[in-house]
Amino acid sequence: MNSIVFIKQIVQFYLHSGIDPKTNGMVKEGFVRTINPYDEVALECAIRLKEKTGKGQVTIVTLGPEVSDEVLRWGMSLGADTAIHILDDEDLLKDPLIVAAILAETVREFAYDALFFGKMALDDEFGVVGTYVADLLGLPVVTAVSEFKISEPGKDVIVQRALERGNREEVSCPLPAVFTVDMSLGRPRYPTFPERKRAAREDIGTLDAKVISKRACLDVRSPDLVIKSLAQPKLRPKKILAPDSGLSAAGRIQFVMSGGMGKKGGDKVGGDPEKTAGAIFDFLKEKKFLPESKDRPEERKNASE
Amino acid sequence: MKYGVHPKSFVYFGIPGEVLAGGIIALSAAIFLFICFRRFQLLRQGLSDPRMDSVVDRLKGLITDGFLQKRQPRYPVAGILHIVIFWGFLILSLRSIQLLAESLSSGKDFIILSGISGDIYGFLKDLAELATLAACIFAIYRRAVVQPKRFQGSRQFEAYLVLGLISFLMITDLLFNGSGISLGIYKGQVQPISSMVSVLLTDISKPGLQSLHNAAFWLHLISFLLLLNLLPLSKHFHIITALPNVFFRKQIRGELKPPRWDIQDLDELDRVGVSSVSDFTWKNMLDFFSCTECGRCTDHCPANAVGRNLSPKKITMALRDQAYKENPILGDSDHNQKLTDAVTSEELWACTTCGSCEEQCPVFIEHVDKIIDMRRDRVMMKNDFPPELIQMFRNIEIFGDPWGNGMARRKEWIENLEINDVGQGDAVDIVYWVGCSGAFDSRYAGVARSLAGLMKKAGVNFGTLGKLERCCGDFARRTGNEYLFQAMAKENITLLNRLGVKKIVVSCPHGYNTLKNEYPRFGGKFEVVHHSRFLWELIEAGSLKLSKTVNKKIAYHDSCYLGRYNGEYEAPRRILESIPGVTLVEADRNREKGFCCGAGGGYMWLVETGQRVNETRAGEIAAAGPDQVATACPFCLTMLDEGMAAHEQSEYKPEVLDLTEIIEKAL
């Protein structure tokens with residue numbers, strides 16, 4: 001069985017904020033480039049099928065800038081036979097419809113039985129490219145596949161979809177078809193040393209995204225999808241997940257399930273309004289919310305006298 | 001019948017005694033040489049392993065640990081028995097050669113052993129014979145009646161046979177000498193035990209004495225040659241190979257064996273790890289020959305102690321059996337069983353690489369290297385390893401630390417301290433290698449801050465590598481992922497060399513061991529100190545003054561990678577002793593015998609089932625009754641901290657701290 005697996009290199013930020021307060025620009029550190037975990041599971045699915053049937057080829061395709069050949073090397077070290085890199089120099093292609101059109105155009109002439117995608121990419125979470133490609137190639141599509149069974153060669157395949165509450169749905173599907181794969185399908189393997197060496201040695205076919213988009217008559221420069229602005233998450237206080245040991249068992253479970261609580265900082269003020277106001281004023285001053293030039297507390301003292 | 005002559009001057013079955021003796025000796029010598037040749041062929045088959053460096057140190061070790069048997073008395077009874085038998089054997093092998101020479105040469109005395117030296121030797125060997133006989137009988141009694149647990153699974157028959165043969169040799173020689181004295185052959189020699197035997201023989205007539213003399217001679221000769229041929233066939237090959245094995249022992253204990261000694265670059269290898277007998281080095285083979293199944297390794301194995309299926313002794317035995325089966329003395333080799341079946345994954349993944357087995361082995365067998373070599377095969381070639389390790393490997397590869405926090409976070413532990421950043425160009429004398437634990441373990445980050453504070457107080461001009469530091473690779477290497485280890489090592493070494501780092505202080509013994517002992521092979525040559533030694537030097541020099549009294553009983557837990565692998569037992573203890581008011585208490589197992597916390601060899605990231613090593617150890621320390629427990633390793637700290645909360649040996653749960661935190665309170 002010949003499969004083509006589409007994998008994406010995602011940029012994973014691991015710091016709380018990607019914005020540098022000094023420059024107000026994106027932080028140039030605190031992220032890693034890695035394979036989209038859903039795509040890794042899709043690749044694992046294709047490799048397992050190849051091992052099970054004992055024949056066929058697994059081809060991996062990625063669309064992205066030069067650095068994304070790292071994920072192709074990784075994919076090959078996991079067991080993919082050939083790799084194709086659709087080079088997008090400027091890393092411009094974000095519109096899922098354009099991405100899908102380029103991918104579909106690339107593989108249109110290939111011989112394949114199945115196309116595999118991850119259910120979605122962890123960075124933009126669109127989760128539509130696989131479906132678009134199926135539409136463009138006129139193929140059936142099954143999304144969120146959690147198990148893949150081949151009964152007999154040449155016959156329809158049976159795939160399982162994971163639904164909510166652990167329910168499963170079995171779908172029969174003729175080949176060739178497109179499958180987008182869920183994480184529950186299985187844990188990806190770890191590359192062996194000889195496979196790593198092979199992956200480092202082997203050639204990767206490179207195609208130019210511009211050439212393909214021209215061939216597909218796409219206007220890359222004016223995508224339908226335009227990202228107007230990007231908002232960063234606000235910094236939140238650290239959550240305390242360890243429940244108070246004084247709580248009852250049920251209370252502790254509830255506490256953990258609610259996601260813990262924010263750490264309460266500082267002291268409570270209350271009682272005498274005048275004292276309260278003073279305490280609030282001191283607090284604001286201490287935290288530098290007030291201009292430093294004027295020494296208000298002294299004035300207040302004088303006024304009361 | 002002639003009386004008072006040597007047994008060789010008789011004729012037996014029509015063959016003159018001299019000819020008969022010569023024939024027997026020649027035949028058995030030929031068989032012995034053939035067996036040894038076959039064993040030597042197996043040894044030669046092994047891969048290369050350079051072991052001829054620092055000959056002077058090796059000779060010193062040969063004297064202390066070989067001839068003086070320094071490690072034997074750790075088991076007092078068995079150790080003393082062994083020393084007696086060993087020295088008895090050394091003395092008596094000369095006697096046996098004397099007997100062989102006597103039976104062949106025309107002269108009565110062996111050339112060296114004539115005159116005064118002969119008299120002294122005669123006296124000495126008489127005593128040695130009695131002592132050896134007594135030791136052998138006591139050893140048989142111990143095996144049969146006392147039955148120490150460590151002999152479980154050892155080949156008992158071989159042991160009894162050899163002990164019996166040695167005893168028989170002693171008895172026949174005493175009878176030979178005693179009857180010789182009665183017959184008047186030996187005159188003027190002081191042989192107290194033989195003389196006593198001869199007194200017992202006074203009632204026997206002269207022909208009877210001569211028959212006894214003859215019988216004792218032939219029985220001694222034959223049993224000696226039988227024993228000689230048994231040696232290379234049994235576990236008692238160690239009588240021949242143990243001393244060479246001690247001589248060729250590992251010089252840098254903390255350095256793990258590389259996949260190949262002759263090929264440095266991993267890219268040039270097609271395979272990594274051990275999956276068949278042909279992957280072993282000649283030194284591995286010598287280890288197999290030298291194992292006498294005493295079981296001291298297993299007796300001290302923490303994994304074995306908590307009931308995991310691991311016995312270093314059984315692994316050595318299984319590998320040796322495999323090697324012998326595939327390379328028999330005669331006949332076809334047996335390839336029915338694969339080496340990978342001889343040692344199960346369960347056994348391999350039970351090891352914490354604490355090195356206690358190697359520390360206890362009297363003949364310096366290297367167990368850990370073989371276990372890691374077999375792990376390499378399973379991780380890098382077969383993809384057959386505990387799946388929980390995958391995440392750790394991926395984290396190291398992608399984020400540069402086993403937890404997956406990311407390198408950009410490496411300075412978060414500093415909080416509001418002001419610390420030089422060598423990566424940013426600050427000039428410093430000493431680099432503090434924070435390590436992944438210092439940077440990311442919330443508990444240990446406090447220790448890192450304490451240490452930084454102490455160094456500041458002492459006026460040390462130090463800095464860290466900031467966000468440029470990476471995982472040192474220890475856990476990757478010890479879980480068999482040599483590829484990942486080398487990738488990390490090369491990145492770190494390139495960085496350290498680029499920054500011109502000369503001296504490094506490391507607070508994690510795993511990082512310390514890796515930087516100090518393993519990086520030199522990849523081109524990273526720095527002076528590396530552990531913080532315990534470094535702080536002790538600061539205290540000794542007066543830069544840190546321990547002035548406050550701390551009225552506490554403190555127990556120190558030895559970290560395997562600091563103590564056993566690097567011999568640092570003293571500095572932490574001296575620090576504690578120099579704090580006014582502190583009483584140092586010791587857990588039952590300490591220093592060389594120190595019991596692993598359970599985290600080494602990748603166990604920090606492996607799922608532990610059954611009884612836990614850290615709980616066992618915590619209970620043991622609590623039993624010593626300290627108020628506080630001092631550690632010098634982030635993983636020991638975590639493991640014991642958790643172990644103290646969970647162990648069931650007593651209600652008493654002392655606080656677990658790092659050395660730096662204890663020092664901080666005494667300033």
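In this predicted model, Glu415(B) lies in the loop between H17 and strand S3 (420–421) of chain B. The phi of Glu415(B) is near 50 degrees, a positive value in a residue other than glycine. Most residues other than glycine have a negative phi, and most peptide bonds are trans.

Leu175(A) and Pro176(A) are joined by a cis peptide bond, with omega at about -5 degrees. Pro176(A) is placed in the loop between S9 and S10 of chain A.

Both of these strands belong to a sheet of chain A. The sheet is open and has nine strands, in the order S9-S8-S7-S10-S6-S1-S4-S5-S11. The pairing is mixed. Strand S9 (168–173) and strand S11 (205–208) of chain A are the edge strands, each pairing on one side only. On average, neighbouring strands are turned by 35 degrees against each other, direction ignored. Strands of a sheet pair through backbone hydrogen bonds, either parallel or antiparallel. Strand S8 (residues 157–162) of chain A and S9(A) run antiparallel and are joined by six bridges. In one bridge, Gln160(A) has Glu170(A) of S9(A) as its partner.

Two helices of chain A contact the sheet. Helix H1 (residues 37–53) lies across strands S1 (3–6), S4 (58–64), S6 (114–118), S7 (141–150) and S10 (177–181) of chain A. H1 of chain A runs at about 150 degrees to S6(A). Helix H3 (residues 96–107) of chain A also packs on the sheet. H3 touches S1, S4, strand S5 (82–87), S6 and S11 of chain A. The direction of H3 makes about 145 degrees with that of S4(A).

The two chains meet at an interface. Here 27 residues of chain B are in contact with 19 residues of chain A. Together the chains bury about 1900 Å², 57% of it on carbon and sulfur atoms. Nine residue pairs are in polar contact between chain B and chain A, both residues at pLDDT 80 or more. Three salt bridges are counted between the chains. The side chains of Glu397(B) and Arg196(A) meet in a salt bridge, at 2.9 Å from N to O.

On the chain B side, helix H16 (367–381), helix H17 (388–399) and helix H21 (482–498) are the elements that give two or more residues. H17(B) gives the most, with six residues. The residues of chain B that touch chain A divide into 15 nonpolar, four polar and eight charged.

How values were computed: Residues numbered from 1 in each chain as written. Chains lettered and ligands numbered in written order. Predicted model: local features only at pLDDT ≥ 70, side-chain atom pairs only at ≥ 80, totals over all residues. Heavy atoms only, no water. Contact = heavy atoms within 4.5 Å. Buried area = accessible area lost by both parts, 1.4 Å probe. Salt bridge = Lys/Arg side-chain N within 4 Å of Asp/Glu carboxyl O. Polar contact = N/O pair within 3.5 Å; in protein donor to acceptor, adjacent residues only side chain to side chain. Helix = DSSP H or I, 4+ residues; strand = E, 2+ residues; numbered from the N terminus. Nonpolar A, V, L, I, M, F, W, Y, C, P; charged D, E, K, R; others polar. Pairing = 2+ DSSP bridges. Axes fitted to C-alpha atoms, helices over the stretch in contact; angles between N-to-C directions.
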